[in-house]
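Please open the model in the viewer and keep the selection panel at hand.

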Amino acid sequence: LSSTELMPIKKSAMKALRQTKRRTTRNAGVKQTVEYLRRMTQKAMDAKDVKKAEELWKSAIKAIDKAMQRKVYKKNTGSRMKSRFAKRINALKAAK
């Protein structure tokens, strides 16, 4: 226990802390997955591999939508991510 993390006294506060820790861990995992897919899509786009980029982009969109549904990302944040990637992929297609 660090000095910044105070131990709750009430039973309900203890439960809330346990829940928060569990949710934080789960949310971090979801965000990590989304970030990984975004990075892989970006690498494919840098390599000018349109087919692979589109494939990865679809799975990234699916992950972002699930994260938004589970309230890991806010609605606008997820929409902004998807929009920016769509713009980049369309520009890559147009360049070919």
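Select helix H1 (residues 11-46) and helix H3 (residues 75-95), which pack at an angle of about 15 degrees with their axes 11 Å apart. H1 and H3 are therefore roughly parallel to each other, a term for angles under 35 degrees. Axes here are lines fitted to C-alpha atoms, for helices over the stretch in contact, and angles run from 0 to 180 degrees between N-to-C directions. Helices are DSSP runs (H or I, at least four residues), numbered from the N terminus.

The model is predicted: local features need pLDDT of at least 70, side-chain atom pairs count only at pLDDT 80 or more, and totals for chains, interfaces and linings use all residues. Residues are numbered from 1 along each chain as its sequence is written, and side-chain values use heavy atoms, without hydrogens and water.

Next, display the side chains between these two helices. From H1, Val34, Arg38, Thr41, Gln42 and Met45 meet Met81, Phe85, Arg88, Ile89 and Leu92 of H3; contact means heavy atoms within 4.5 Å. By class, the contact of H1 with H3 has 6 nonpolar, 2 polar and 2 charged residues.

Now select threonine 41, which is found in helix H1. Is this residue buried or exposed? Threonine 41 is buried, with a relative accessible area of 0%; buried means under 20% (1.4 Å probe, protein chains only). Not counting residues up to four places away in sequence, threonine 41 touches Ala53, Leu56, Trp57, Ala60, Phe85 and Ile89.

From there, move to tryptophan 57 in helix H2. At 18% relative accessibility, tryptophan 57 also counts as buried. Leaving aside neighbours within four places in sequence, its contacts are Thr41, Lys82, Phe85, Ala86 and Ile89.

Finally, select Val30, Val34, Leu37, Ala60, Ala63, Ile64, Ala67, Met68, Val72, Tyr73 and Met81, the 11 residues of the largest nonpolar core. Such a core is a set of buried Ala, Val, Leu, Ile, Met, Phe, Trp, Tyr and Cys residues joined through side-chain atoms within 4.5 Å. H1 and helix H2 (50-69) each supply at least two residues of this core, and H2 gives the most, with 5 residues. Apart from this core lies another, of 10 residues, among them Met45, Leu56, Phe85 and Leu92.

Definitions and conventions
Parallel < 35°, antiparallel > 145°, perpendicular 65-115°, else oblique. Nonpolar A, V, L, I, M, F, W, Y, C, P; charged D, E, K, R; others polar. Buried < 20%, exposed > 50% of the residue type's maximum accessible area, 1.4 Å probe, protein only.
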